[in-house]
Amino acid sequence: MGSPLYSIPGTAPATTPVAEPTADAAAAQASPSTEARTVSEVLAQSQAGAVMDELDRDLVGLTPIKARIRDIAALLVIDKLRMNLGLQAQAPSLHMSFTGNPGTGKTTVALRMAEILFRLGYVRKGHLVAVTRDDLVGQYIGHTAPKTREVLKRAMGGVLFIDEAYYLYRPENERDYGQEAIEILLQVMENQRDDLVVILAGYKDRMDTFFRSNPGMSSRIAHHLDFPDYAPGELLRIADKLLEQHNYRFAPGARATFEEYLTARIRQPNFANARSVRNALDRARLRQASRLFADQDRRFTAEELTAIAACDIRASRVFQAAATQGPS
Amino acid sequence: MMTNPVSKITQGQFSFLPELTDAEIALQIEYGLSRGYAWSIEYTDDPHPRNTFWEMFGMPMFDLKDAAGVLTEVRNCRKGFPQHYIRLIAFDGTRGVESIAMSFIVNRPASEPGFGLIRQEAAGRTIRYTVHGYATDRPEGERGIETS
Amino acid sequence: MAIATGASNGATAITDAKRRYQAGVLKYGQMGYWEPDYVPKDTDTVCLFRITPQEGVDPVEAAAAVAGESSTATWTVVWTDRLTACDSYRAKAFRLEPVPNGPGQFFAWVAYDIILFEEGSIANMTASLIGNVFSFKPLKAARLEDIRIPAAYVKTFKGPPTGLIVERERLDKFGRPLLGATTKPKLGLSGRNYGRVIYEGLKGGLDFMKDDENINSQPFMHWRDRFLYVMDAVNKASAATGEVKGSYLNVTAATMEDMYERAEFARQLGSVVVMIDLVIGWTAIQSMSNWARRNDMILHMHRAGHGTYTRQKNHGVSFRVIAKWLRLAGVDHLHAGTAVGKLEGDPLTVQGYYNVCRDSYTRRDLPRGIFFDQDWCDIRKVMPVASGGIHAGQMHQLLDLFGDDVVLQFGGGTIGHPAGIQAGAVANRVALEAMVKARNEGHNIRIEGAEILRKAARFCGPLQQALDTWGDITFNYTPTDASDFTPTAAVAR
């Protein structure tokens, strides 16, 4: 096949083709403007530095995670330089696991990671597709493969984030379709590294068990990032940021009340770090609204409309529960 | 072999050019995705000009961001049907269009037998024409298998 | 910019009925055809006329006269007006502006009530709008520049029988302009020789061949002969390429009966398309449109004759108005200019014609000569045809100007190829596909076009020959009909 001859019957064969158009196309495909030779050139061309700075600025705490991301970014930048000098043959494996308790910032960091990988040219589009077992695994025979492939296709060019990935593996049911999804994932993670990056996320202990039973998966994950719980001070700073985003603030004394609230809440079950902070603030906003609503004839100042008062927090059931439990 | 200037069936957007490489196909897919089209893969062993409904290789692919997903399926389809015609089709769902916006062939059999023209003479020098595909001379299950 | 209304003597309508309907001659303004405060209703048709009043004629009175003569008025007062609700029948000139850089010329906006036009009849609409008024003595010249047709009236038409979307589905051709060629020489070929040209062009890679406007049934080639040979060529080419092919069989004839007979024969032979000329008139066009709709036929319209009234800027009817009427009347293909070829056409103005054919909703666009928003109410889209003195070397300009939804017709540019008609067709098809591919890959074809063609010519000898033969041919004359708002020169290079 290849080049057509454009031979017209009854005439001599048309001029022989001279060019190899495939070479042109290949050139059109991969054309980095100018090849960077220094770290700062790579950072300037990609603007990945800006994303990392944002990450530092916007996300409270997470010091070890931020350090790991800087390490990974450094590795990618150096790989890029090596590639530009022809020293690197293969794209690095970038699949990752994010472990940690709920609300420790795994999804948020995954979004930033997708952006960084995009800026550095390790994924082409930089979008994040977040899924769970239900999106990948079907209900009957022949259902799983198309479902998993569909998700993989949507994620291509970006990052596939599988939350609570260990649910894919159910050893108690040997005919569970999750295994099929795992196998397809593995195949794509191995063969199409250029096309997408997979991030598996979940609780640390369960993920460890999952990796022990699925050594194939474990060996394809290059980077394990463990997200620590936030310290109370960090949670308070998160609360400040969240309020600021919504144009609220703590009224005098309210911040201290919220700190008390956090101390109590951490000890109670199902504490979910930043997520619990957000939920608590949402409820405080509700209470603030009800409080103001009762005062029907008053003209509120901006001050009043933006202030979360101590009483809005104090009314939480968390305090009552803590009181009945007594000091433990 | 067919006798037209490119010795092959000339359906689709790019039949007069050298066969597109996968990298070139990816660029076309990207163009379609950037315009919001949904890609679909179809294959057939009967490329009659009025054979509209080729077999669908899976469902049309909605909500993709990147060409790699489509290209993966093209490769799967080629693996399954190496001696069939395979085409990529882009659907545009915009009101007032709601039809196909792009279509080009991405796989062909090694040899393309082409078509014969059957003439049935009727009254008043009129002729009724039938375009007959040589590929369909063999039973359905046995086409697209390389002979010779 | 509007003309002050008070300044014009006798521009104000007389409201006292007794005085208004006294026998005698009144100014049109006094009769109520100038109504500066009038706000057109959604159901009104609005026309924009360019008028050149005779020396000494008040422009306001001239505008009122246009409104009067294109609706209910006669030169004198008639008492029978009072038997009707004549206020609503009167067209109303409601706005007047001097034409920028057009001394002595004025734009006049005139609104027409929906009751004035019979539903689904372009013949009736044109009889009013361009019936008497263009011969009216107080005007040196008049031109219907643009028209806003209300949704309510649009919906009384069925529009194109096939439309460009369905046409593509029937032909199985998507994502690129279609390619055609007009058989040359226009006159004199026998049916047998004629069919040869069709076969060579289609087998070489064109989608369509075309009869020229003046090929009907002359002594050198009877129409039946032409149809029989052409359809043999079409089917043979279809088998040779595996593509659906077509050739516009011109069924234009002296009478409707003849046209129906010819169209019927084309249908029997399995043609996908028939062709008519604009000179057959609105009634015949709408009849043929109905016939095409009944018979699943693409209806190709050659705008033969339009230049007599569309070309001069000061007098006649703009082609954008003709295009709007033809879309309503129901044609599938319409020759709408090339901008780069041998026939008249400023690029932006021509793009305006194309938009009128293809838009779902046309927005006011003064540089393209479009004065009104026009809702097409989901009526099908017309495939514009670019034909006349264009060649493969202009492929990038054509694709850039007109996009994918167009038929590019290279008559001389196919048949005049030094290596023959098939080679000419190959050159055009390769140039087209290479350009579409490059555009989709993200190349700026306006800048890189010539280079893309040269590259393609490296693997395609026939294209190289075409570029060697015609590469430098341009028709670079100043267009006579450019927009008044941003004058442009014809595309050179």
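## Where chains C and B meet

The contact (heavy atoms within 4.5 Å) takes in 42 residues from chain C and 43 residues from chain B. On the chain C side, Phe174(C), Lys437(C) and Asn440(C) lose the most area to chain B, together 17% of what that side buries.

## About the model

This is a predicted model, where local features need pLDDT of at least 70, side-chain atom pairs count only at pLDDT 80 or more, and totals for chains, interfaces and linings use all residues. Residues are numbered from 1 along each chain as its sequence is written, chains are lettered from A and ligands numbered from 1 in the order in which they are written, and side-chain values use heavy atoms, leaving out hydrogens and water.

## A look at chain B

Now for chain B itself: it has 2 helices and 6 strands, in the order α-β-β-α-β-β-β-β from the N terminus. Both kinds of element are DSSP runs numbered from the N terminus: helices are H or I with at least four residues, strands are E with at least two. The C-alpha trace of chain B spans about 55 × 40 × 30 Å along its principal axes.

Of the 148 residues in chain B, 56% are buried, meaning under 20% relative accessible area (1.4 Å probe, protein chains only).

Note on methods. Buried < 20%, exposed > 50% of the residue type's maximum accessible area, 1.4 Å probe, protein only. Buried area = accessible area lost by both parts, 1.4 Å probe.
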